[in-house]
Amino acid sequence: MPQDPIIAPEGSAWPDEAALADAVAELEAALGTTLPEPYRSFLLTYGGGAPYPLIFDYAPDEDDPERFLDRLNRPARVQELATGKTFGDGTPQGFAAIGEDPGGLIVLLSLHPGDFGAIYAWSATAEPWGGPNNSPDMLVPLGADFGAFMASLYETEDLMGYEHWSTPQRRALQRDLVLP
């Protein structure tokens with residue numbers, strides 16, 4: 001089992017660096033902003049993927065607070081989610097959906113000036129954004145920025161996260177995960 005953070009691509013191969021640069025530029029144009037560091041560098045280097053360790057704490061669920069970061073989305077997926085095609089009017093405004101757990105919990109990156117780059121968890125819903133059950137008040141802080149969030153990921157004593165992450169394809173394609 002790995003000792004240091006690793007990552008595997010979402011698909012069957014790592015994306016081409018030139019293609020990643022184009023995809024990140026397209027995403028930033030669609031969002032109308034330059035992405036905050038170190039998330040931007042992460043996308044340019046890895047293009048998304050499945051990190052390990054991958055467990056994070058989700059405080060609102062006292063009975064089951066440990067969640068899996070199943071994947072960090074590719075730039076095209078972040079852009080798709082920003083358009084509202086998946087969650088319609090429920091899409092959080094001023095955030096980029098950068099990752100998800102297997103159960104509908106979405107990891108958001110704030111694009112708001114007051115907390116630009118902060119990471120939150122959002123329970124996905126199609127209820128209109130800004131309503132009583134889908135508003136910024138419902139978001140759960142996960143980290144001051146992408147680097148802090150990634151540094152907070154951990155493994156359990158029984159290696160529950162590795163069992164979830166470890167597939168032959170992921171092990172064959174894994175790389176060290178290094179953030180600036």
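**Close-up A. A patch of negative charge on the surface.** A patch of charge joins residues of like charge within 9 Å, each with over 30% relative accessible area and no salt bridge. In this predicted model, four residues gather in such a patch of negative charge: Asp-16, Glu-17, Asp-22 and Glu-26.

**Close-up B. The salt bridge of Arg-40 and Glu-28.** Side chains of opposite charge can pair when their charged atoms come close. Here the side chains of Arg-40 and Glu-28 meet in a salt bridge, at 2.6 Å from N to O. Arg-40 belongs to helix 2 (residues 39-46) and Glu-28 to helix 1, so the pair ties together parts that are 12 residues apart in sequence. The structure holds 6 salt bridges, and the Arg-40 and Glu-28 pair is one of them.

Close-up C. Now for a look inside: the structure holds 1 cavity of 30 Å³ or more. About 50 Å³ of space lies in the largest cavity. Its lining is made up of Leu-81, Ala-82, Phe-87, Thr-91, Pro-92, Phe-95, Ala-96, Ala-97, Leu-108 and Trp-122.

**Close-up D. Helix 3 and strand 6 at the largest cavity.** Helix 3 (75-82) and strand 6 (95-100) each supply at least two residues of the lining of the largest cavity. Which element gives the largest share of that lining? Strand 6 does, with 3 residues.

Notes:
Residues are numbered from 1 along each chain as its sequence is written. This is a predicted model: local features need pLDDT of at least 70, side-chain atom pairs count only at pLDDT 80 or more; totals for chains, interfaces and linings use all residues. Side-chain values use heavy atoms; hydrogens and water are left out. Patches are made of residues with over 30% relative accessible area and no salt bridge: like charges are joined within 9 Å, nonpolar side chains (Val, Leu, Ile, Met, Phe, Trp, Tyr) within 5 Å. Accessible areas come from the Shrake-Rupley method with a 1.4 Å probe; for residues, only the protein chains shown count as cover. Lys and Arg count as positive and Asp and Glu as negative; His and the chain ends are not counted. The place of a charge is taken as NZ of Lys, CZ of Arg, CG of Asp or CD of Glu. On a 1 Å grid over the protein atoms alone, a cavity is a set of points where a 1.4 Å probe fits but cannot get out, and a pocket is an open set with protein on both sides within 12 Å along at least five of seven lines; lining residues have an atom within 4 Å of a point. Grid points are joined across faces, edges and corners, and a volume is the space filled by probe spheres set on the points. Helices (H or I, at least four residues) and strands (E, at least two) are DSSP runs, numbered from the N terminus.
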